[in-house]
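Here are my notes on the model you sent over. Have it open beside you while you read, and take the points in order.

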Amino acid sequence: MPLPSDQLQRIIAERFPDSDIRIEDLAGDNDHYRLHIASAAFAGKNRVQMHQMVFAAIRGTPAESIHALSLVTSQPK
Amino acid sequence: MTDIKTTIEQTVATNPIVVYMRGTPQQPRCGFSATVVEIFKRLDLPFTAFNADADDTLWETLSKMNDWPTMPQIYIGGEFMGGCDILKEMYLNGELQQLLADKGLISPAA
């Protein structure tokens, strides 16, 4: 289900404070996003673990129902 | 009744590349699944595919096993690799080809 990007931004920012977040709306429909997130919380984690942390963070939130959410996770440079 | 988790574990242990996806390789039902199929096609690698759209229990079980709510989910050499985003990143930066070569699934020159 569509979710405005500012709401997605807020949900992610609340759960990953001090992270750099960038959101691309891939289809212009608020339902296909690419979420770029660089967070110190990812220190020592591999890619699978970083994605699992994002999935866990959005569980139970409106972000969970976005049709397509592509993830690009990294540690802050 | 066969335990689905056990079936998955046996499947990924006995098949070099396993893709749990939406739809079939011939007819993927989402862009992410289609991308994964395309990557293995380009590498000219056969893989074992299962349609999670056709089996809610399969999807639910994989989701719990891997803490991963979405499809596709990819296993290489029995190891959970994540989904489309990770596989695509690994393909584009050459990590995937290196991993496949290390596992003897493709020749290093390919």
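1. Let's start with charge. In chain B, the mean positions of the 8 positive and 14 negative charges are 5 Å apart. Here Lys and Arg count as positive and Asp and Glu as negative, while His and the chain ends are not counted. Each charge is placed at NZ of Lys, CZ of Arg, CG of Asp or CD of Glu. Chain A has 8 positive and 9 negative side chains, and the centres of those two sets lie 9 Å apart.

2. A word on what you're looking at: this is a predicted model, in which local features need pLDDT of at least 70 and side-chain atom pairs count only at pLDDT 80 or more, while totals for chains, interfaces and linings use all residues. Residues are numbered from 1 along each chain as its sequence is written, chains are lettered from A and ligands numbered from 1 in the order in which they are written, and side-chain values use heavy atoms, with hydrogens and water left out.

3. Now the layout of chain B. It has 5 helices and 4 strands, and from the N terminus on they run α-β-α-β-α-β-β-α-α. (Helices, H or I with at least four residues, and strands, E with at least two, are DSSP runs numbered from the N terminus.) The C-alpha trace spans about 45 × 25 × 25 Å along its principal axes. How does its radius of gyration sit with that of a compact globule? For 110 residues such a globule would come out near 13 Å, and chain B has 13 Å, so the two agree. (The radius is taken over C-alpha atoms, and the globule rule is 2.2 Å times the number of residues to the power 0.38.)

4. Chain A has 2 helices and 3 strands, in the order α-β-β-α-β from the N terminus. Its radius of gyration is 12 Å, close to the 11 Å that the globule rule gives for 77 residues, so chain A is as compact as a globular protein of that length. Its C-alpha atoms fill a box of roughly 35 × 25 × 20 Å along the principal axes.

5. What about inside and outside? Buried residues make up 42% of the 77 residues in chain A and 42% of the 110 residues in chain B. (Buried means under 20% relative accessible area, exposed over 50%, and partly exposed in between, with a 1.4 Å probe and protein chains only.) Chain B exposes about 5800 Å², with carbon and sulfur atoms supplying 50% of it. (These areas come from the Shrake-Rupley method with a 1.4 Å probe; for residues, only the protein chains shown count as cover.)

6. Which residues touch the most other members of the largest nonpolar core? They are Y20(B), F40(B), I76(B) and L96(B), out of 53 residues. Helix α2 (residues 47–58) of chain A gives the most to this core, with 6 residues. (A nonpolar core is a set of buried Ala, Val, Leu, Ile, Met, Phe, Trp, Tyr and Cys residues joined through side-chain atoms within 4.5 Å.)

7. Follow L96(B) for a moment. Leaving out residues up to four places away in sequence, L96(B) touches I39(B), L43(B), I76(B), L87(B), M90(B) and Y91(B). (Contact means heavy atoms within 4.5 Å.) In helix α5 (residues 95–102) of chain B, L96(B), Q97(B), L99(B), L100(B) and A101(B) are buried. Their cover includes β1 (17–21), α2 (31–42) and α4 (84–93) of chain B.

8. Most residues other than glycine have a negative phi, and most peptide bonds are trans. Yet a cis peptide bond, with omega about 0 degrees, joins M71(B) and P72(B). D67(B) has a positive phi of about 50 degrees; it lies in the loop between α3 and β3 of chain B. N30(A) has a positive phi too, near 60 degrees, and is partly exposed at 28% relative accessible area.
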